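Hi,

Here is the structure I promised to pass on to you. Have a look at it first, and my notes follow below.

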Amino acid sequence: MKIGVLAIQGDFAEHIAMLKRLGVETCEVRLAVQLDNLDGLIIPGGESTTIGKLATDYDMLEPLRVFGKEHAVWGTCAGAIFLSKDVRRAQPLLGLMDISVARNAFGRQVDSFEADLDIPELGEGRPYHAVFIRAPIIETVSGEAKVLSTLPDGRIVAAQQAKMLATSFHPELTDDIRFH
Ligand code: GLN
């Protein structure tokens, strides 16, 4: 299995380190041709407007959409925003997942936080310690998409749609390998 990490902006290095730790073959992806021969792709956290703008400049939007229709794609934080269909403002999105997202839903950078989540699909019964950095909320999940996890107040922070995964938080910044 070979899993690429979109490496045009954001914390792609942390995802690569996690995949290497798991013994998964991986590479940094900056050009459409680098999607060839990948089984899946991770879109890291960072700044979704920047990722979208650079993906547009590098002619990556359409190749990423085509790739995501056939392969596993996981977006963390800004990556989840980029995967979504709607963020209620104009910015380039892949629109692959039937989710709408509210950016910076918890406030500014200083309002970043960590929380223990209940994510039954991860198994093992222990909570998942999640890191939220100027994170989005997944406001609506429709069509084929389903909710994977919420905060105790019910706000959605992880969703899955077939082979696609969106998390508001950053598993690559923890020692917990279960998401990867
Ligand atoms: N606030 C960023 C955005 O709106 C996401 C932050 C992150 O990826 N940690 O794109």
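Strand β9 (residues 146-150) pairs with strand β10 (residues 156-161) in the antiparallel sense, over four bridges. Strands here are DSSP runs of E with at least two residues, helices are runs of H or I with at least four, and both are numbered from the N terminus; two strands pair if DSSP finds at least two bridges between them. Across this pairing, Val147 stands opposite Ala159 and Thr150 stands opposite Ile156. The two strands form a hairpin with five residues between them, and Gly154 in the turn has a positive phi of about 95°.

Before going further, a word on the source: this is a predicted model, in which local features need pLDDT of at least 70 and side-chain atom pairs count only at pLDDT 80 or more, while totals for chains, interfaces and linings use all residues. Residues are numbered from 1 along each chain as its sequence is written, and side-chain values use heavy atoms, with hydrogens and water left out.

On its other pairing, β10 meets strand β11 (residues 164-167), again antiparallel and over four bridges. Gln161 faces Met164 there. This hairpin has two residues between its strands, and Ala162 takes a positive phi near 50°. Five of the six residues of β10 are buried, where buried means under 20% relative accessible area, exposed over 50% and partly exposed in between (1.4 Å probe, protein chains only).

Another spot to look at is Ile43, in strand β3 (residues 40-43). Ile43 is buried, with a relative accessible area of 0%. Leaving aside neighbours within four places in sequence, its contacts (heavy atoms within 4.5 Å) include Leu6, Trp74, Phe82, Leu83 and Leu94. Leu83 is 40 residues away along the chain, yet the C-alpha atoms of Ile43 and Leu83 are separated by 8.5 Å.

Now the whole chain. It has four helices and 11 strands. The radius of gyration, taken over C-alpha atoms, is 15 Å, close to the 16 Å that the globule rule (2.2 Å times the number of residues to the power 0.38) gives for 180 residues, so the chain is as compact as a globular protein of that length. The C-alpha trace spans about 40 × 40 × 35 Å along its principal axes. Of the 180 residues, 50% count as buried. Among contacts with a separation of 6 or more, 63% come from residues 24 or more positions apart.

Enjoy exploring it!

Best wishes
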